[in-house]
Amino acid sequence: MFGFGDIIRRREMLDGREWIVYPVRVVEDTEDHLAVYLAKGTPLTFGQGDFRWGTHPWANFDHIWQSDGVLQVQRPGDGYSVWHFWKGDTFSGWYINFQEPMRRDARGFDTLDQELDIWVPADGSSFQWKDVEHFEERERLGGFHPGEADAVRTEAQRVVAMLDAGTTWWSDRWTDWSAPAIWEVPGRMDLSAPA
């Protein structure tokens with residue numbers, strides 16, 4: 001388990017290589033979940049060479065996290081994480097990021113964003129699907145492994161069922177959390193040396 005305030009590595013792995021790497025701070029690490037904080041201004045490091053999905057889309061912007069900080073909470077085995085967004089000091093909503101289940105190592109964890117997302121506004125209005133067209137295009141072009149797109153859809157329907165029933169596990173626990181003011185933006189993380 002990682003300790004409160006530890007700086008660990010979050011990597012998205014594509015084609016067996018690092019597609020994007022950045023540091024996050026540990027908020028809470030238990031058997032049930034790992035909560036980390038991505039601070040505004042955090043440096044992002046992008047993998048080099050050819051990837052089946054091309055260059056990471058964030059590489060077209062400054063190589064730092066642009067928006068206000070975000071809390072990312074993921075549970076072992078889940079094919080999604082819950083990102084808690086703020087506008088300034090005001091909680092604005094939850095972003096359900098469908099991704100490969102996290103895989104831990106001694107330096108942090110690995111995953112891979114799978115395009116599809118859901119936005120759940122803090123004001124209680126209806127949730128909105130995000131990036132559906134990107135997800136469907138990636139599937140159409142053969143960018144997913146066999147069965148991967150169907151697995152994402154199945155996980156998405158599980159989340160929708162929780163939203164419809166009002167049984168989300170994250171809303172009561174994390175809505176009022178805020179990052180300690182003393183936390184500084186972590187430094188850049190380099191790509192791992194090739195094996």
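The side chains of asparagine 97 and glutamine 99 are joined by a polar contact of 2.9 Å. Asparagine 97 sits in strand 7, which runs over residues 90–99. The model is a predicted one. Its protein chain holds 3 helices and 11 strands. The largest pocket has about 440 Å³ of space.

**Asparagine 97**

- Asparagine 97 has a relative accessible area of 2%, so it is buried, the cut-off being under 20%.
- Beyond its neighbours within four places in sequence, asparagine 97 contacts Arg10, Gly79, Tyr80, Ser81, Trp83, Asp113, Leu116 and Asp117.
- One of these contacts, Asp113, is also among the residues closest to the centre of the largest pocket.

**The largest pocket**

- The space in the largest pocket comes to about 440 Å³.
- Its lining counts 20 residues, and those closest to the centre are Pro57, Trp58, Asp113, Glu115 and Asp131.
- Strand 6 (80–87), strand 7, strand 10 (113–121) and helix 1 (132–140) supply at least two lining residues each.
- Sorted by class, the lining of the largest pocket has 9 nonpolar, 7 charged and 4 polar residues.

- Most residues other than glycine have a negative phi.
- Glutamate 115 has a positive phi, near 80°, and is not a glycine.
- Glutamate 115 belongs to strand 10.
- Its relative accessible area is 16%, under the 20% limit, so glutamate 115 counts as buried.
- Aspartate 131 is not a glycine either, and its phi is positive at about 60°.
- Aspartate 131 is placed in the loop between strand 11 and helix 1.
- Aspartate 131 is partly exposed because its relative accessibility is 25%, which falls between the 20% and 50% cut-offs.
- Both Glu115 and Asp131 are listed among the residues closest to the centre of the largest pocket.

**Tryptophan 129**

- Tryptophan 129 is found in strand 11, residues 128–130.
- With a relative accessible area of 36%, tryptophan 129 is partly exposed.
- Setting aside residues up to four places away in sequence, tryptophan 129 touches Leu116, Asp117, Ile118, Ala156, Gln157 and Val160.

**The whole chain**

- Along the sequence, the elements follow the pattern β-β-β-β-β-β-β-β-β-β-β-α-α-α.
- The radius of gyration of the protein chain is 16 Å, and a compact globule with 195 residues would have a value near 16 Å, so the two agree.
- Taken along the principal axes, the C-alpha atoms fill a box of roughly 40 × 40 × 30 Å.
- Of the 195 residues in the protein chain, 50% are buried.
- Among contacts with a separation of 6 or more, 56% are between residues 24 or more positions apart.

How values were computed: Residues are numbered from 1 along each chain as its sequence is written. This is a predicted model: local features need pLDDT of at least 70, side-chain atom pairs count only at pLDDT 80 or more; totals for chains, interfaces and linings use all residues. Side-chain values use heavy atoms; hydrogens and water are left out. Helices (H or I, at least four residues) and strands (E, at least two) are DSSP runs, numbered from the N terminus. Buried means under 20% relative accessible area, exposed over 50%, partly exposed in between (1.4 Å probe, protein chains only). A polar contact is a pair of N or O atoms within 3.5 Å; within protein, one must be able to donate a hydrogen and the other to accept it, and residues adjacent in sequence count only if both atoms are side-chain atoms. Contact means heavy atoms within 4.5 Å. On a 1 Å grid over the protein atoms alone, a cavity is a set of points where a 1.4 Å probe fits but cannot get out, and a pocket is an open set with protein on both sides within 12 Å along at least five of seven lines; lining residues have an atom within 4 Å of a point. Grid points are joined across faces, edges and corners, and a volume is the space filled by probe spheres set on the points. Ala, Val, Leu, Ile, Met, Phe, Trp, Tyr, Cys and Pro count as nonpolar, Asp, Glu, Lys and Arg as charged, and the others, Gly among them, as polar. The radius of gyration is taken over C-alpha atoms; the globule rule is 2.2 Å times the number of residues to the power 0.38.
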